[in-house]
Amino acid sequence: MASHIVGYPRMGPKRELKFALESFWDKKSSAEDLQKVAADLRSSIWKQMSDAGIKYIPSNTFSYYDQVLDATSMLGAVPPRYGWNGGEIGFDTYFSMARGNASVPAMEMTKWFDTNYHFIVPELGPDVNFSYASHKAVDEYKEAKALGVNTVPVLIGPVSYLLLSKPAKGVEKTFSLLSLLPKILPIYKEVISELKAAGASWIQFDEPTLVLDLDSHKLQAFTAAYDDLESTLSGLNVLIETYFADLTAEAYKTLIGLKGVTAYGLDLVRGAQTLDLVKSNFPKGKYLFAGVVDGRNIWANDLAASFSTLKELEAVVGKENLVVSTSCSLLHTAVDLVNETKLDDEIKSWLAFAAQKVVEVNALAKALAGQKDEAFFSANAAAQASRKSSPRVTNEAVQKAAAALKGSDHRRATNVSARLDAQQKKLNLPILPTTTIGSFPQTLELRRVRREFKANKISEDDYIKAIKEEIKKVVDLQEELDIDVLVHGEPERNDMVEYFGEQLSGFAFTVNGWVQSYGSRCVKPPIIYGDVSRPKPMTVFWSSTAQSMTARPMKGMLTGPVTILNWSFVRNDQPRFETCYQIALAIKDEVEDLEKASINVIQIDEAALREGLPLRKSEHAFYLKWAVHSFRITNCGVQDTTQIHTHMCYSNFNDIIHSIIDMDADVITIENSRSDEKLLSVFREGVKYGAGIGPGVYDIHSPRIPSTEEIADRINKMLAVLETNILWVNPDCGLKTRKYAEVKPALNNMVAAAKLLRTQL
Ligand code: GLN
Ligand code: ZN
């Protein structure tokens with residue numbers, strides 16, 4: 001009976017790690033306090049898995065910030081600007097790389113494959129001096145062992161590490177990251193030897209890049225790496241774990257040919273073809289870690305279906321060699337359903353969070369071993385049936401309206417340059433207009449007000465009064481700073497998706513269903529369980545209240561359908577695009593109500609459009625088509641004079657620039673400053689962009705305050721490639737997580753920079 005978990009959430013069932021980290025960063029608690037919280041979390045996770053009966057329990061899947069940054073630390077690949085002098089990497093250097101410090105900005109952060117988790121991108125050049133500089137993997141293995149749990153230590157595999165890295169400044173064009181393989185493998189060997197010496201019998205290398213479209217040169221790097229590691233690995237069972245998609249036939253061939261490897265972990269939830277590959281050829285005597293329990297969603301597993309898949313696999317790989325596993329790390333799902341006090345029993349019966357998935361994995365393993373827990377299986381079958389037939393799931397009218405959108409093409413009638421002229425007549429903005437992305441700092445006091453209103457501790461009148469005061473403060477501040485297009489600051493919103501989900505039908509909400517997004521930041525994705533519709537206006541009251549406080553244009557602020565979809569736990573009983581069209585229709589109603597309420601500028605955030613891009617290139621076109629169409633559906637009905645903005649987080653969108661243009665927004669603001677102006681290169685290379693564009697001029701993920709000169713310098717770089725009359729000046733993203741002490745001077749410098757350049761143009 002063999003069961004395995006690829007990885008587990010670190011934050012804790014109630015985000016204990018988040019609070020410990022933030023208190024440490026704020027100097028309210030010591031490093032020892034933080035270490036204690038972390039150790040308690042690790043031990044409770046190991047205990048929980050071992051109590052559940054899991055055979056292969058992972059270690060080193062905990063992280064104070066990010067597992068890729070942990071690998072960077074292990075390899076001593078600290079960029080020189082952090083002034084690290086060798087030795088074991090401590091919190092100072094580690095968190096400086098993650099978050100920046102007073103004098104140096106943070107390292108670049110980017111999405112982990114197609115998830116909403118962000119990792120810190122290693123920066124590697126020919127001069128990095130790798131050294132074994134963090135013993136975390138070994139320490140955690142020993143820590144678990146001391147608690148009586150013999151774990152499987154998990155390392156990011158050497159090839160994936162390099163493929164996820166970026167070349168250091170100055171060598172971007174010329175440097176081959178894979179050429180570093182011979183330099184990092186000696187460090188891996190040191191770690192492996194120490195793990196062996198400490199008593200490890202298994203080791204897991206996460207090599208998720210194997211699921212990408214890799215050329216043969218990259219595939220060969222895997223062969224070369226494990227050839228080289230083979231002798232060091234001897235005596236260990238070696239699991240290569242892949243996830244998030246299926247493997248191409250070539251990648252599978254490479255995988256099963258790797259020397260020294262004894263087990264393969266495959267995602268059987270997302271991988272439509274993997275099963276066939278395994279069936280057609282599986283090496284004798286090797287283990288298959290079959291990822292049948294979905295690590296990416298919160299739905300209870302269809303145990304009967306998984307069981308029959310496993311039975312088929314058993315016939316191929318042999319009873320002794322089949323291990324039941326999760327499709328990927330459970331990092332990407334919520335922690336424990338036990339803490340959900342607000343969900344009703346029916347919906348709860350349809351769900352499984354990380355803790356429940358551990359139990360599912362084990363139940364499947366037991367069933368394979370002939371000890372099927374009949375009661376558990378039949379309760380699961382009943383829940384699956386109830387979800388299929390529940391009237392809460394289906395709304396005929398919505399189904400019809402969404403189905404009617406398929407295959408059609410909705411667009412605004414007038415082209416963007418004519419629209420911009422009409423809008424400028426109405427708005428009369430200066431060149432290089434300034435704006436922000438939406439949210440303003442959320443103070444403890446503000447959070448308290450929202451919480452108390454939710455808990456019925458303060459009246460609706462008091463709540464409205466408090467939020468109005470907050471909006472007034474934000475409006476006054478922006479006028480004082482002399483920003484051109486204002487926002488209301490989003491004080492009524494806890495989260496840009498949850499806020500809308502709560503007002504739409506078809507959504508359910510958790511109280512503790514947090515998922516790590518980056519560092520200490522977590523999101524609580526809504527659960528879309530049924531057809532989506534909008535019973536009544538969601539933002540009109542606050543936006544018109546805010547507009548009434550100022551003569552300047554006030555942006556209406558909405559979250560777009562693709563982002564709502566991508567940041568929710570989505571139904572797995574209908575295609576994603578169908579759910580997306582349903583949401584688009586609901587947002588369309590809201591856009592039109594805002595316009596009727598005289599809101600002339602409406603921002604529809606599509607922060608997460610890029611991250612929904614499928615991992616496989618062959619699937620990109622289809623996704624982009626329905627995603628961009630969904631966005632256009634929301635605003636195809638507005639007048640020319642209504643200015644539609646959109647905002648996108650995250651940097652890597654050069655490859656989808658044509659789809660961004662096809663969204664046909666009047667203005668787009670884009671996160672930019674942490675990606676070294678990669679964005680601008682696309683325009684340098686000649687892509688024509690006629691709509692307004694605001695590449696972020698400073699990083700809002702860091703507490704650092706940018707100077708006027710620095711911002712002016714950034715804007716100048718943009719002006720070199722973009723027309724003066726289309727450029728907007730704005731921060732990278734919303735200011736919600738920053739403090740006023742950072743936001744005020746930063747925005748002040750931003751406006752000063754815009755004004756300075758206006759005088760020079
Ligand atoms: N309007 C949102 C905000 O400012 C956008 C956030 C985002 O793009 N992630 O908070
Ligand atoms: Zn953003």
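UniProt, in an unreviewed entry, places the feature "binding site" at His658 and Asp662. The model is predicted. In it, histidine 658 is found in helix α24, which covers residues 657-662. Aspartate 662 lies in helix α24 as well.

**The annotated site**
- Histidine 658 counts as exposed, because it has 11 C-beta neighbours inside 10 Å, and a residue with 12 or fewer is exposed.
- Aspartate 662 has 16 C-beta neighbours inside 10 Å, so it counts as partly exposed.
- The annotation of these two positions comes from the UniProt record.

**Around ligand 1**
- Ligand 1 is surrounded by 13 residues.
- The closest of them are Ile437, Gly438, Ser439, Ala607 and Gly734.
- By type, the shell around ligand 1 holds six nonpolar, four polar and three charged residues.

**The chain as a whole**
- The chain has 27 helices and 20 strands.
- Its C-alpha trace spans about 75 × 60 × 50 Å along the principal axes.
- The radius of gyration is 26 Å, which agrees with a compact globule, because one of 761 residues would have a value near 27 Å.
- Of the 761 residues, 51% count as buried.
- Among contacts in the chain with a separation of 6 or more, 80% come from residues 24 or more positions apart.

**Two residues with positive phi**
- Phenylalanine 244 has a phi near 85 degrees, a positive value in a residue other than glycine.
- Phenylalanine 244 sits in the loop between β8 (237-241) and α9 (249-257).
- Phenylalanine 244 counts as buried, because it has 23 C-beta neighbours inside 10 Å, and the cut-off for buried is 20 or more.
- Asparagine 456 is another residue other than glycine with a positive phi, here near 60 degrees.
- The loop between α17 (444-454) and α18 (460-481) contains asparagine 456.
- Asparagine 456 has 8 other C-beta atoms within 10 Å, so it is exposed.

**Confidence of the prediction**
- The average pLDDT of the chain is 95.
- A pLDDT of at least 70 is reached by 99% of the residues.
- For the complex, the predictor gives an ipTM of 0.99.
- The pTM of the complex is 0.91.

Definitions and conventions:
Residues numbered from 1 in each chain as written. Chains lettered and ligands numbered in written order. Predicted model: local features only at pLDDT ≥ 70, side-chain atom pairs only at ≥ 80, totals over all residues. UniProt positions renumbered as here; feature names shortened; annotations may be inferred. Helix = DSSP H or I, 4+ residues; strand = E, 2+ residues; numbered from the N terminus. Near = placed C-beta within 6 Å. Nonpolar A, V, L, I, M, F, W, Y, C, P; charged D, E, K, R; others polar. Rg over C-alpha atoms; globule rule 2.2 N^0.38 Å. Contact = placed C-beta atoms within 7 Å. pLDDT = per-residue confidence, 0-100.
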